[in-house]
Amino acid sequence: MIWVLVAFFNVLIAADSQDGRYTQHLLEGSLDDKASKWGFDWAFSGISSFGHLPYHRCLTGTDELFDVGIIGIPFDSAVTYRPGARLGPRAIREASARHLPSRGFNVHGGVNPYRSWARILDCGDIPVTPLDNDVASRMMYEGLYELGNRPSANSLYGDKPKLILLGGDHSIALPALRALKEIHNKPLALVHFDAHLDTLHPSAYPSIWGSNQAAFNHGSMFWIASQEGILSNSSNVHAGLRTRLTGDDWSDFENDDKQGFLRISTDDIDDIGADGIIKRIYERVGGEIPVYLSIDIDVLDPAFAPGTGAPESGGWSSRELLRIITGLRNLNIVGADIVEDRCNEMGNIIFGMLIDSQPQAFDPIRVYARMEAQSSTFDWHDPNGQPGCSVKVAGSTHKGLLSEAAGGQGRHGGI
Ligand SMILES: [Mn+2]
């Protein structure tokens with residue numbers, strides 16, 4: 001067979017000697033030109049990192065600092081309905097292929113995230129075990145604490161990098177909140193987009209086979225976070241709710257009230273519009289407290305996100321959600337997640353918003369909110385066997401201009 005190769009080589013040489021354009025073309029650039037000649041990708045070429053960002057397995061090396069880290073959390077062992085979100089990070093990365101540095105200017109944020117002050121890396125995945133949720137929770141916490149506690153590459157907007165998590169089911173938010181609370185050394189405000197509350201007492205699930213591990217699920221993680229004192233007790237918001245409740249009464253809402261949440265229902269957008277929802281979130285959260293933004297894509301109508309883990313009809317459109325999220329750019333966001341399915345367009349909007357987020361620029365609706373960290377205990381077991389929540393959250397102070405927020409419960413006002 002070697003003669004075939006030799007013959008082929010001879011043909012190439014002959015062709016080249018007859019017309020030197022091939023050799024000439026190859027030698028045109030110096031070595032320094034290689035990057036400009038080959039260092040780009042089309043939307044459809046290249047390895048599938050998020051938005052064609054530089055990929056660095058950040059957990060295994062500290063040599064690459066970053067300001068915003070994209071981190072996959074391929075874990076879905078805590079769902080109660082439809083699994084599959086462990087494939088989310090891969091799906092999201094693939095779906096983000098049309099985001100490129102050369103065409104990355106975000107008209108909502110007025111910035112090209114790829115060429116901004118921020119160094120953004122795709123930090124790869126945390127290889128979370130699917131076999132033991134206690135171990136999985138520890139792996140997520142340790143990995144995120146490690147990454148979030150590194151110095152940022154550029155300290156212009158903070159000493160610590162911002163973390164964006166690609167889920168994964170929604171339970172991943174709990175180890176993320178634990179890590180970020182430790183890193184920032186104060187309770188966080190949670191801005192939570194979801195059809196569901198996710199502040200459910202673990203015993204709300206219909207089983208007597210409870211355990212501490214069973215309490216770590218994708219509907220109770222914010223209840224646990226509240227019990228552990230991770231969340232500020234009056235700066236949290238749900239947006240896009242349309243869930244049914246446990247049992248025969250309003251106890252899920254009453255339980256939610258105790259955890260310091262303002263509820264904005266899906267229907268509220270018909271009454272106050274996207275701008276009204278943005279305004280309510282600002283009034284509730286303020287611009288200084290560190291914020292964790294958690295987006296369960298079931299906040300969207302199943303028409304837009306049909307593969308999600310627990311679909312509910314009657315949700316917002318992609319356009320409505322993008323408009324609301326983009327309007328939140330002046331929150332002091334320190335971490336965010338996108339969970340419970342694959343998604344595509346939201347990723348770029350979010351990191352554009354994150355790197356443009358700066359507390360000192362927060363001015364349009366100035367809210368003076370100061371929270372005092374409150375100790376609380378976490379014990380999912382209710383000694384009386386009651387499904388109600390034995391929340392122990394001491395009183396907190398909340399100074400500020402929150403008159404509308406206080407009554408701003410939307411369709412579910414006062415419940
Ligand atoms: Mn949900």
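Helices (H or I, at least four residues) and strands (E, at least two) are DSSP runs, numbered from the N terminus. This briefing uses those element numbers for a predicted model, in which local features need pLDDT of at least 70, side-chain atom pairs count only at pLDDT 80 or more, and totals for chains, interfaces and linings use all residues. Residues are numbered from 1 along each chain as its sequence is written.

**Sheet layout**
- Two strands count as paired if DSSP finds at least two bridges between them.
- Strand 1 (residues 68-73) pairs with strand 3 (residues 162-167) in the parallel sense, over six bridges. Ile-71 stands opposite Leu-165 in strand 3.

**Helices on the sheet**

**Strand 7**
- Six of the six residues of strand 7 (residues 291-296) are buried. A residue is buried if 20 or more other C-beta atoms lie within 10 Å of its own, exposed if 12 or fewer, and partly exposed in between; C-beta atoms are placed from the backbone.
- In a regular strand, side chains alternate between the two faces of the sheet.
- In strand 7, Val-291, Leu-293 and Ile-295 are buried on one side, and Tyr-292, Ser-294 and Asp-296 are buried on the other.
- Strand 4 (residues 189-193) pairs with strand 7 in the parallel sense over five bridges. Leu-190 has Tyr-292 as its bridge partner in strand 7.
- Strand 8 (residues 333-339) also pairs with strand 7 in the parallel sense, over six bridges. Asp-296 has Val-339 as its bridge partner in strand 8.
- Strand 7, helix 11 (residues 318-326) and strand 8 make a right-handed β-α-β unit. Right-handed means that, with the strands pointing away from the viewer, the path from the first strand over the helix to the second runs clockwise.

**Arg-263**
- Arg-263 sits in strand 6 (residues 261-265).
- Arg-263 counts as buried because it has 23 C-beta neighbours inside 10 Å.
- The C-alpha atoms of Arg-263 and Gly-240 are separated by 8.3 Å, and the two residues are 23 residues apart along the chain.
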